[in-house]
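Have a look at the structure first, and then we can go through it piece by piece.

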Amino acid sequence: MSPEITLLACIALPLLAPALITALHRWPNPREAVTLLTSGGLFLLVLSLHHLVLQGTRPAINIAEPIPGLKIGFEIEPLGMLFALLASFLWLVTSVYSIGYMRSHHESRQTSFYSYFAVALGSVMGIAFAGNLFTLFIFYELLTLSTYPLVTHAGDDNAREGGRMYLGYLLGSSVILLLLAIVWTWSLTGTLDFRAGGILEGTVTPGVASLLLVLFIFGIGKAAVIPFHLWLPAAMVAPTPVSALLHAVAVVKAGVFTVLKVAIYIFGIDFLAQVPATQWLTYVAVATILLASLVALRQDNLKLLLAWSTISQLSYIVLCALLITPLGIVGGGLHIVMHAFAKITLFFCAGAIIVTTHKTRISEMNGIGRRMPWTMAAFTIGALSMIGLPPTAGFISKWYILLGAIDAQQMFAVGVIIISTLLNAAYFLPIVYTAFFRSPKNNMEHGLKDTHGEAPVAILLAITVTALGTIVLFFFPDLPLDLVLQLAGESK
Amino acid sequence: MLLANLPALQVVIPLVSAPLCLLLRNPRHAWAWATLVSTMVLAVAVMLAQRVYAEGTISYAIGAWATPWGIEYRIDMAGALMILLIAAIGAVIMPYARRSIRHEIARKHITLFYTSYLLCLTGLLGIVVTGDAFNLFVFLEISSLSSYVLISLGSTRRALTAAFQYLVMGTIGATFILIGVGLLYMMTGTLNMTDLAQRLPEVTDTRTIRVAFAFVTVGVSIKLALFPLHIWLPNAYTFAPSVVSAFMAATATKAGVYVLLRFFFTVFGSEFSFTAMHVGEILMLLAFAAILVASLVAVFENNVKRMLAYSSVAQIGYTILGISLASTAGVSAGIIHLVNHALIKGALFLALGCVFLRLGSVTLKDMHGLARHMPWTMAAFVAGGLSLIGMPLTAGFISKWYLVSAVLAAGYWPLAVLVLVSSLLALIYIWRVVEAAYFNVPGAAMQKVKEAPASMLIPVWLLIGVNLYVGIDASLIFSMAQQAADTLIGQALQ
């Protein structure tokens, strides 16, 4: 298959899978097999394009032109390749996890769940491979719309409220701010293509560029920059596989991915240095990092804690984009991968606990490590990665982020990252302590003996893969590192 | 011979078939006749549009009496777009109407319904093809009178009061237009639009012409339901039969916008209208109010038909906003939105008609849990709703894109923000319906509800399909709209 056809197949495959999944509604096992085959096939397709990108080839294809001058077109470049590899691999793992989770939890309407999941991943592929801002926006909105039914899967009042906040924040920011920025960019420059060095330099004044940058950063609500971050905790009403893949990896990473793409290919790193707003937005990112961590400190609900932690971690990447040095880009790109693996492990563990013990609060999880050692061991690895300790992946990305901050001579950013590391330790380590070293007798639910065992096999399998991945990426960071270094080279 | 007389046939075919329909006592025969006529009308419209696209403006003298004394039918690109729109909507609605009308109107009135429908079609098409100002008034009245009848045939008694309210306001509007045309005739001695355009520049500085302009503006604004003269619309759309709501939402107000374009650009000329009379600023202000106020009211409505009616008022505001810019970008954006909105609202009202057929009600409370029982209908509603909000890959996104671009190009960025903010208001009221249908626990009455019949679902999905197609490839509509805008604005003298 030619690279262009493979590219299209990567996007079409997950978008077409729901038809088959819905047709197999009555036969759960073949239906799940379709999901597994689709995600596995997708990962292989994406992988087959990897070596081309490393060589410097940029497969590209246009499929439609809704508005004269604006094409729906795709082009693969290093960052997109990285994101696509990450998302497709973790979709495969999450599919295994979902099967274990949805079945043990006896969730209803599983067919629509798997269908919308596939559409969401198809949208992620569209975002990853988008060749211009117009195409990216189309799939960005499609991602919001296809994840809404997943967020509100439970169908009760809580789900509905959560869904409203989700849609309100995401569509509100994208329609009022992001779309305005995109149309304005188009009217100023006449193009929306992603180009090395950006398209704005020379066409707009730094003042206008500042305004555009503000619109973009806040308009990309999926990057959860304060004050457009509240959709993420609200989305925790979703079933945990959704929270794990979508709100730790796909949706949020789509947000910071878009931020990086806009910074590198629309503004251009050199031009960003001349834009006054860049420094101010750095402060906003820093504020998000700190404030979100502080809120996370106070959470008793494990999923909510993880959500606030995610908000904080996402702004690491936003900060990297605004540091406007190649090292910063490397750090940001790496963090997309490293954080994804660690966070998905943590969410998987939270889901494992929910399914096995029906517990959601940390105060109820005393001594849980003794009955679920495998799960909590994985949780510990994920926690260490979030803090940024070797031998976990988080250390590598944090290293480069610090290097980038120093290179940009933003010493206060260095300080913030260090403080944030301490805060991460402050809210993750107590969980590990509670799980392993606290006595179960102190649990909030007295009189109920914990008789549960470990999580179901499918769940454990998924958790093992991602936890191992977190460690493997520390020792063998080449796959993401090569791509990111190429990206940094291109951004010059 | 037939081909040479196509412009006349466009109007004559439905006009002559209307009284013939009256002879058909059997409802099924009346429906079949109306469907046949609608199809023929569509065929004529397609042929005419193709000719205009290929050769440019068509001019046709009725009865071979030479203009400017004889009545001229003049179809340019704007007209071609409109006849396509009206004829296509009419044709798509007919298969749908069979079940819907049988359910909503008493058997003895069904023949009357189809007769009035054919007359309304005549009137609307006549408005759009004619090149004579008084002839336009005649067709306007034909379409208005027949639409009063159509609305009054609704299933509740409030349909009568709604129709009466529309009658009063509509007659005032038509009378104002007549007065305006009369004043124009007095000052220039001609009723032919092109001739008027040539003779008016000599007399535009008189109070008479300015008054004529004012009368025409107010009269047309009533017809196209521009805020604050929109008061007849919510009741009319809510209490009319579903098919009528869909048909009128997709065609009647659009024809009103066409009349506005004709008078402002062709007859009076953009220089007089926009520079001397500053109508652009007035329209912009009213459009702003329409978009904001109507969207806000729609958010709080519990009757979905009424909600969509107010939504229509807001959407007309978008079109008028585009036109008020008086630039090629603005006017073509307005025209594109006109067409797209017709597709969207037509589909939404038809979907609601399916709901009414099975449920007997269109209030949010009664629609709890509907999506389980009518999945295809609600899916169509969601698709249409997403288009209304302006999500990518739908027609609504295309027109919103062009509108925001045109407004930004003219330098009015607060208005651009307004357009985007109002999309969110649309999100709120559409989502109220989505939540009602998909989330809540259905009541006992819901258990017997089945999906709508195929004869009604297919037209709905056809319109949705066109919606989605335009969302991916808007090139045809765009080129037609832009040509139309160019012709209109470039018409100082022709």
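Is the crossing of helix 14 of chain B and helix 16 of chain B left-handed or right-handed? The crossing is left-handed; the term applies if the near helix is turned anticlockwise from the far one by less than a right angle, with right-handed used if clockwise.

Before going on, some housekeeping. This is a predicted model, where local features need pLDDT of at least 70 and side-chain atom pairs count only at pLDDT 80 or more, while totals for chains, interfaces and linings use all residues. Residues are numbered from 1 along each chain as its sequence is written, and chains are lettered from A and ligands numbered from 1 in the order in which they are written. Helices (H or I, at least four residues) and strands (E, at least two) are DSSP runs, numbered from the N terminus.

**How confident is the model?**

The scores are ipTM 0.90 and pTM 0.92. Going by pLDDT (the predictor's confidence in each residue, from 0 to 100), chain A has a mean of 90, and 97% of its residues reach 70 or more. For chain B the mean is 92, with 99% of residues at 70 or more. Within chain A, the element with the lowest mean pLDDT (85) is helix 19, residues 478–490, and the one with the highest (94) is helix 5, residues 133–151.

**Helix pairs**

Back to that left-handed pair in chain B. Helix 14 covers residues 328–359 and helix 16 covers residues 375–389.

| Helix pair | Angle | Axes |
|---|---|---|
| Helix 14 and helix 16 of chain B | about 155 degrees | 9 Å apart |
| Helix 5 and helix 6 of chain A | about 170 degrees | 10 Å apart |
| Helix 9 and helix 13 of chain A | roughly 170 degrees | within 8 Å |

With its angle, the chain B pair is therefore roughly antiparallel; angles under 35 degrees count as roughly parallel, over 145 as roughly antiparallel, 65 to 115 as roughly perpendicular and the rest as oblique. Residues are in contact if their C-beta atoms, placed from the backbone, lie within 7 Å. Helix 14 of chain B brings B:Ile344, B:Ala347, B:Leu348, B:Ala351, B:Cys354 and B:Val355 to the contact, and helix 16 of chain B answers with residues including B:Phe381 and B:Gly384. By class, this contact has nine nonpolar, three polar and no charged residues. For these classes, Ala, Val, Leu, Ile, Met, Phe, Trp, Tyr, Cys and Pro count as nonpolar, Asp, Glu, Lys and Arg as charged, and the others, Gly among them, as polar.

Over in chain A, helix 5 and helix 6 (residues 157–189) pack at about 170 degrees, which makes helix 5 of chain A roughly antiparallel to helix 6 of chain A. Among the residues that meet here are A:Phe137, A:Tyr140 and A:Glu141 in helix 5 of chain A, and A:Gly162, A:Gly163 and A:Tyr166 in helix 6 of chain A. The tally is 12 nonpolar, four polar and one charged.

Helix 9 (residues 240–267) and helix 13 (residues 326–357) of chain A cross at roughly 170 degrees, so they too are roughly antiparallel to each other. Their crossing is right-handed. Contributors include A:Lys253 and A:Phe257 of helix 9 of chain A, and A:Gly332, A:Gly333 and A:Lys343 of helix 13 of chain A. This contact has 17 nonpolar, five polar and two charged residues.

Strand 1 (residues 60–67) and strand 2 (residues 70–75) of chain A pair in the antiparallel sense over five bridges; pairing takes at least two DSSP bridges between strands. They form a hairpin with two residues between them, and A:Gly69 in the turn has a positive phi of about 100 degrees. A:Ala60 stands opposite A:Glu75, and A:Asn62 stands opposite A:Gly73.A cis peptide bond joins A:Pro390 and A:Pro391, and another joins B:Phe227 and B:Pro228. A:Ile324 has a positive phi of about 45 degrees although it is not a glycine.

**Where the chains meet**

In the interface, 25 residues of chain B are in contact with 21 residues of chain A. Helix 18 of chain B gives the largest share of the chain B side, nine residues.

Key:
Axes are lines fitted to C-alpha atoms, for helices over the stretch in contact, and angles run from 0 to 180 degrees between N-to-C directions. Two residues are in contact if their C-beta atoms, placed from the backbone, lie within 7 Å.
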